[in-house]
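Please look through the chain shown below before reading on. The briefing that follows takes up its helices, strands, cores and charged pairs in turn.

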Amino acid sequence: MVLSHVCQQWRHLAVAQPLLWCNIDISLPFVPLPRYIGSSNALNPAALALHRADLATYRRQLGCTKDMLSTWISRSGGCPLTFTFKSWEDSSTDYHDADSTSRSINDAIVDILCGASTRWKSADFDLGIFTPTSPFLRFSQLSPQDVPLLEKIRHKIEFLSNMNWDEPQIREQYMANIGLFGGPSIRTVFIDRPSPSPSSMSINWATVTNLDLDDPHYSFEATGRGVHFITSVFKACPHLARISMNISSPGQWQNQNDTESYISLPLKTRISLPNLTFVSIRGSPPPSGFASSLQLPSLRTLSLYCTTYTLQDGQGGSGIVEWIRNFGDTIADATFLYSNLTTAALICCFEGLPNVTSLRLFDYGSLRVRETGHPNIGSQNPENDHDIRSYQSIVNILTPKVHVDEDGHQCYCPKLQRFGLRMHDVDFTEEDLVAFVAARRDSSKPTPSALKSVIVKFNFCQRMNVREELERRNVDTTDLRLITKYAVANGRFMEPDSLEAFEDLPREDRSLLSGFWVEGSD
């Protein structure tokens with residue numbers, strides 16, 4: 001706490017303010033490994049002495065963490081607590097099983113934190129468990145009555161593989177017995193790889209409003225949940241306002257022999273979620289009939305970051321197009337991968353978003369276009385050759401037409417104000433982007449809304465200064481936020497430190513400039 005170190009008077013004031021001490025970050029140090037290990041797993045005297053010194057330092061750090069935690073909880077008075085707790089146990093237990101000092105300190109840390117559980121308001125656990133006697137497994141033994149104020153919980157746990165545990169069985173048993181999830185005040189839940197059935201988890205589903213299922217940085221197919229699981233969750237959460245989820249690959253949810261998990265879509269009775277405003281789907285594309293099984297009158301934000309290795313058209317076989325057709329009229333903020341959609345499917349999406357003001361498009365390559373600017377589907381999928389003839393770039397489709405086109409459209413997404421695109425294969429040029437922005441900011445044409453923000457990550461080296469070209473064409477750019485980034489010589493994405501200048505952007509917009517998707521949060 002920096003304020004308490006300014007001067008004695010400030011220290012007294014800071015210590016006397018409980019609200020300054022109710023946000024706690026606990027990150028336990030890693031157990032040091034021996035630096036020199038021979039073929040017989042034996043340390044020579046010099047290496048053993050060095051390792052003992054490392055262990056002594058580790059114990060001091062652990063003790064300081066315990067004292068810090070005790071001090072902060074004491075100074076927080078009776079205020080609700082928000083905390084993060086991170087601990088990854090060491091996999092080299094042969095050297096540390098006899099370290100009773102470290103074990104007793106860890107026990108004390110758990111005691112201190114659990115002793116204040118009635119004041120927990122938000123808890124974030126990131127645990128790596130190596131031994132079945134780990135003191136950190138005690139967090140799961142708290143009952144719902146022990147956490148009456150807990151509103152938000154993020155729970156991520158790894159059972160390290162070389163424990164010789166039956167990891168899936170241990171995980172399911174563990175997840176089924178976590179009393180923290182059943183607290184009477186629970187509203188926001190993040191679960192890393194939940195149990196296969198919602199009913200097997202002790203979550204107070206009826207009170208949940210914000211739900212995140214699965215860590216987006218894991219493999220989609222390995223961690224995604226079938227549609228049976230997702231629909232069961234929807235039915236159990238009548239007050240849901242926000243959900244992020246992985247959907248498993250088609251082979252995992254289209255098994256009609258599995259009577260427990262197979263579900264016929266669309267459902268005969270729609271699931272109504274009147275408060276749901278935000279939906280994010282990762283993993284495989286949602287199956288056809290899923291969106292038609294839902295009634296979401298308040299949906300405003302839709303993110304479909306879904307990968308597939310087959311093109312999806314707009315004739316009813318695309319779950320992505322179905323979501324937009326069903327809910328596009330109410331959506332103001334849309335994000336989706338476009339490289340697995342045919343031109344016809346793209347046009348269906350844009351046509352179905354008449355009120356969208358923010359649009360982000362991502363391309364992971366290999367399906368729609370090559371560097372030549374043509375879809376790479378003709379030689380491999382002759383049945384889709386028609387898409388080559390009808391191919392148009394993204395910005396060409398979204399550029400307002402001077403006259404109404406043959407489909408009766410002069411401008412798709414007429415209320416668009418913020419546009420972002422991350423390109424993998426070449427879909428359009430800088431000249432195309434200039435024409436798009438100029439047409440969208442031309443006050444003399446009947447475009448309802450002028451663009452205010454454009455963020456594009458090209459996959460080629462810069463050839464033009466887009467802003468200067470717009471100004472040369474007398475386009476007013478005074479209130480336009482224009483960010484164009486380019487591939488470096490080796491074709492890599494931007495380095496992480498090059499994004500520091502854009503910290504004021506929403507996390508989703510920063511993802512347009514980086515090499516991976518990072519979802520925003522409240």
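How many residues does helix α2 have, and how far does helix α2 reach from its first C-alpha to its last? Helix α2, residues 45-75, has 31 residues and reaches 45 Å, which is close to the 45 Å expected at 1.5 Å a residue, the expected span being 1.5 Å times one less than the number of residues. This is a predicted model, in which local features need pLDDT of at least 70 and side-chain atom pairs count only at pLDDT 80 or more, while totals for chains, interfaces and linings use all residues. Residues are numbered from 1 along each chain as its sequence is written, and side-chain values use heavy atoms, with hydrogens and water left out.

**The chain as a whole**

- The secondary structure of the chain comes to 14 helices and 16 strands, where helices (H or I, at least four residues) and strands (E, at least two) are DSSP runs numbered from the N terminus.
- Of the 522 residues in the chain, 52% are buried; buried means under 20% relative accessible area, exposed means over 50%, and partly exposed lies in between, with a 1.4 Å probe and protein chains only.
- Among the contacts with a separation of 6 or more, 72% come from residues 24 or more positions apart, a contact being heavy atoms within 4.5 Å.
- The chain exposes about 24000 Å², and carbon and sulfur atoms supply 50% of that area, as computed by the Shrake-Rupley method with a 1.4 Å probe.

**Helix α2 and its cover**

- An α-helix has 3.6 residues a turn, so residues three or four places apart point the same way.
- After α2 comes Gly77, whose phi is positive, near 60°.

**Nonpolar cores**

- The largest nonpolar core has 123 residues, and those with the most contacts inside it are Phe85, Trp120, Trp323, Phe336, Phe350 and Phe419; such a core is a set of buried Ala, Val, Leu, Ile, Met, Phe, Trp, Tyr and Cys residues joined through side-chain atoms within 4.5 Å.
- A second, separate core of nine residues includes Tyr305, Ile455, Ile483 and Leu512.
- Not counting residues up to four places away in sequence, Phe350 touches several residues, among them Phe336, Leu359, Leu361, Ile394 and Tyr412.

**Strands around β4**

- Strand β4, residues 152-159, is mostly covered, as six of its eight residues are buried.
- Strand β3, residues 120-129, pairs with β4 in the parallel sense over eight bridges, and two strands count as paired if DSSP finds at least two bridges between them.
- The bridge partner of Gly128 is Glu158 in β4.
- Strand β5, residues 188-191, runs parallel to β4 and is joined to β4 by four bridges, with Ile153 standing opposite Val189 in β5.

**Salt bridges**

- Side chains of opposite charge can pair when their charged atoms come close.
- A search of the whole structure finds 11 salt bridges, each being a side-chain nitrogen of Lys or Arg within 4 Å of a carboxyl oxygen of Asp or Glu.
- Asp107 forms a salt bridge with Arg138, and their closest N and O atoms are 3.6 Å apart. Asp107 lies in helix α3 and Arg138 in the loop between β3 and β4, so this pair ties together parts that are 31 residues apart in sequence.
- Asp111 also forms a salt bridge with Arg138, the closest N and O atoms being 2.2 Å apart. Because Asp111 lies in helix α3 and Arg138 in the loop between β3 and β4, this pair ties together parts that are 27 residues apart in sequence.
- Arg138 is partly exposed, with a relative accessible area of 26%, and Asp111 counts as partly exposed at 42%.
- Arg103, Asp107, Asp111 and Arg138 are linked in a network of salt bridges.
- The side chains of Arg360 and Asp333 meet in a salt bridge at 2.9 Å, N to O. This pair links distant parts of the chain, with Arg360 in strand β13 and Asp333 in strand β12 (residues 333-337), 27 residues apart.
- Arg360 counts as buried at 6% relative accessibility, and Asp333 counts as buried at 18%.
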